[in-house]
Amino acid sequence: QVQLLESGGGLVQAGGSLRLSCAASGRTFTMGWFRQAPGKEREFVAAIRGSGGSTDYADSVKGRFTISTDNARLTVYLQMNSLKPEDTAVYYCAADRGAASRLARMYDYWGQGTQVTVSS
């Protein structure tokens with residue numbers, strides 16, 4: 001069992017930046033971020049896989065968000081720049097021991113979520 005603990009959410013004005021962190025209690029192959037806005041389904045944001053660190057981004061965040069890990073691959077970060085009001089959501093860290101895709105059901109481990117609010 002792997003436990004995930006997110007931090008770094010908060011309130012920011014449009015155009016601003018935030019960095020989310022997620023600390024894992026054990027190493028996994030894929031680590032990702034999802035988000036869920038009120039009344040909407042949980043959606044994929046970004047993922048990073050394996051020791052090579054291949055990354056994948058949703059089109060809505062490509063060029064603005066960057067996912068990365070520390071050298072031990074126990075902490076995953078999401079650097080969010082040029083934030084927009086539509087980025088407002090609860091952001092969830094997720095992890096899987098396999099090569100999980102963009103589907104939330106592929107991930108075995110989830111954090112509790114951290115709120116990101118972008119004001120206009």
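Q: How many aromatic pairs does a search of the whole structure find?
A: The search finds 4 aromatic pairs, where rings of Phe, Tyr and Trp (its six-membered ring) pair if their centres lie within 6.5 Å. The model is predicted: local features need pLDDT of at least 70, side-chain atom pairs count only at pLDDT 80 or more, and totals for chains, interfaces and linings use all residues. Residues are numbered from 1 along each chain as its sequence is written, and side-chain values use heavy atoms, with hydrogens and water left out.

Q: Why is the pair of F34 and F44 called edge-to-face?
A: The ring centres are 5.7 Å apart and the planes stand at 75°, so the pair of F34 and F44 is edge-to-face; planes over 60 degrees apart count as such, under 30 as stacked and the rest as tilted. Ring pairs also link F34, F44, Y107 and W110 into a cluster.

Q: Why is T114 counted as buried?
A: T114 has 11% relative accessibility and therefore counts as buried, since buried means under 20% relative accessible area, exposed over 50% and partly exposed in between (1.4 Å probe, protein chains only). Both F34 and F44 are buried as well.

Q: What makes R42 a charge over the ring of Y92?
A: The charged end of R42 sits over the ring of Y92, 3.8 Å from its centre; the definition asks for NZ of Lys or CZ of Arg within 6 Å of the ring centre and within 35 degrees of the ring normal. The charged end of R42 also sits over the ring of W110, 4.8 Å from its centre.
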